[in-house]
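Visitor: Please take me through one part of this protein in detail. I would like a close look at a single side chain and the packing around it.

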Amino acid sequence: MKLKLFLCSLTALLFTSNVISQNNVIKEGTVSYISAQMVYVKFENTEGIEIGDSLFINKNKSYSPKLIVKFLSSISASCEKIDDSDFKRGDKLYAFIKKNDESTVLQDSTTIESKLNQQVVIQDQNLESSPTNTSDIFLSGNYFNGRYSIQSYSNISNYKGENDYQSWRHSLRIDYENIGYTNLSFYAYSIFNYRTTEWSSVTKNYFNALRIYDLHLKYEFNSDHQIWIGRFLNPRISNLSTVDGLLLESNFNIFSVGVVAGTRPDWGDFTFNSKLIECGVYLFRSDSLANGFIENTISLFQQTNNSRTDRRFIYFQHSNNAIRNFNLFASSEVDLYKRESGVEKNQFNLTSAFLSATYYPAREFSLNVSYDARKNVIYYETLKSLTDSVLENETRQGFRVRTTFKPFKYFGASLFAGYRFRKSDVKPSRNFGASIYYSFIPLIESGINISYNKLISNYVDGDVYSVYMSKSLTQFNSDISIGYRKTAYKFPLSQNSFDENALLIDYNLMLFKQLNFSVSYEGAFENRRTTSRFLVGITTRF
């Protein structure tokens with residue numbers, strides 16, 4: 001239930017990056033595999049990308065750095081996350097390449113404008129608009145992009161009473177824009193995830209396993225007016241999560257105004273629930289400043305359950321890169337409604353605040369600092385038991401600092417630290433660590449990454465050590481990595497401990513340009529228990 005609360009109030013914790021300058025071109029890649037430590041991104045080729053470079057996502061007309069390249073092959077980059085962002089297969093990331101650093105950048109790295117729906121102004125007059133990425137198919141002028149993946153996860157243990165299991169995960173994403181030369185577009189994204197032992201429950205109600213996050217039509221009357229109908233996620237109101245209903249948006253010069261009316265998905269199985277009506281408005285403004293921009297969004301929403309107020313709140317989001325090599329993102333939620341002892345009241349209560357700042361004066365160095373404060377979100381009708389039990393709505397606060405630097409060719413390092421606390425904690429939670437890498441070991445032509453993570457909190461005091469080696473098997477159009485992880489936890493409250501050694505193997509094979517195969521193994525070895533985990537996946541594009 002806490003997870004569902006969190007998802008429903010999730011804020012778009014994204015910070016903005018610099019726009020494309022006349023000295024840069026863009027190379028597009030796609031997430032092909034995700035391991036416990038690394039995110040693998042496939043490119044047509046990786047020429048112009050270097051170890052230590054950042055890879056960016058594009059969200060709400062803004063580029064945000066999310067990954068740091070640790071290892072490189074001719075077609076793939078193995079990357080480490082900059083923050084806690086989640087990735088899934090098929091997500092697109094972008095590398096910025098300076099023209100004077102790369103003489104053989106292929107045209108596929110310069111075709112982002114047509115694929116991003118005019119999300120950013122491309123200033124380079126040499127960029128071509130014709131698509132060259134074979135994974136994106138243009139049918140008679142229509143832009144169609146489909147991805148389907150199937151994954152099998154198996155957990156096998158020698159320990160008596162251990163619940164061995166196998167689970168399957170299917171995911172489907174479809175983007176079909178400007179259908180038949182019209183202004184109509186269709187979008188869909190869903191996941192079907194279940195354990196084999198729970199199949200009987202799934203057959204009774206397929207929505208116990210099926211989650212449809214996006215299934216909507218968009219019609220653009222012109223460049224300034226559009227309507228969305230169906231189930232959708234909108235980046236300008238991403239804190240609202242999934243909406244079943246209608247969205248109208250109109251642009252007036254530098255302002256955009258949106259109106260949303262519909263319902264929230266059911267708490268239990270994520271299906272349509274006519275009782276959970278919600279509605280609201282948002283105002284978005286974008287300003288250009290020199291080579292950067294400033295964006296602000298403010299929204300007001302009312303959520304109900306059986307026609308009674310469940311929650312009423314304001315959401316504010318700000319992002320800018322007006323200062324050269326500096327990105328700033330800030331967001332907050334303010335609750336406007338309160339019910340105490342059955343009496344309804346208007347209030348002004350700060351529920352959450354988030355701030356993230358990134359400074360990257362050179363390719364060799366970057367620094368990110370973030371602050372996060374969040375209170376429990378209360379839904380007065382949907383979660384009455386929680387409302388009755390909350391005597392004090394505590395604030396969780398956290399700080400994170402991360403820096404990366406690359407002083408020499410093939411060598412780089414990163415440092416990070418985090419701090420989180422709330423009143424009820426006996427002591428705050430702290431974690432810190434570091435990683436170093438060397439991307440080109442002579443003779444074996446492989447890369448190595450060594451990392452350490454320390455965690456201290458109320459209930460655990462632990463250390464995690466890991467080492468990974470990665471190699472590109474160019475002749476087989478694949479990549480392989482092998483790693484070792486040592487985990488040592490102590491639990492002060494129970495005087496127990498946890499000591500584990502793990503072997504990690506990842507293999508990724510591009511069978512065809514539109515078909516990818518991957519397999520991952522994790523063997524965890526304790527004193528008496530051995531656990532093997534296998535993840536096998538196939539992803540195809542159509």
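Guide: Phe87 touches Val31, Ile34, Val39, Ile57, Lys66, Leu67, Lys81 and Leu93, leaving aside residues up to four places away in sequence. Contact here means heavy atoms within 4.5 Å. The model is predicted: local features need pLDDT of at least 70, side-chain atom pairs count only at pLDDT 80 or more, and totals for chains, interfaces and linings use all residues. Residues are numbered from 1 along each chain as its sequence is written, and side-chain values use heavy atoms, with hydrogens and water left out.

Phe87 also belongs to the largest nonpolar core, which has 17 residues. Such a core is a set of buried Ala, Val, Leu, Ile, Met, Phe, Trp, Tyr and Cys residues joined through side-chain atoms within 4.5 Å. Buried means under 20% relative accessible area, exposed over 50%, and partly exposed in between (1.4 Å probe, protein chains only). Val41, Leu55, Leu67, Val69, Cys79, Phe87 and Leu93 touch the most other members. Two or more residues each come from β2 (39-42), β3 (54-59), β4 (62-72), β5 (76-81) and β6 (92-98). The largest share, three residues, is from β6. Strands (E, at least two residues) and helices (H or I, at least four) are DSSP runs, numbered from the N terminus.

A second, separate core holds 11 residues, including Ile237, Val243, Leu247 and Val260.

Now the whole protein. Four helices and 29 strands make up its secondary structure. Of its 542 residues, 48% are buried. Among contacts between residues at least 6 apart in sequence, 51% join residues at least 24 apart.
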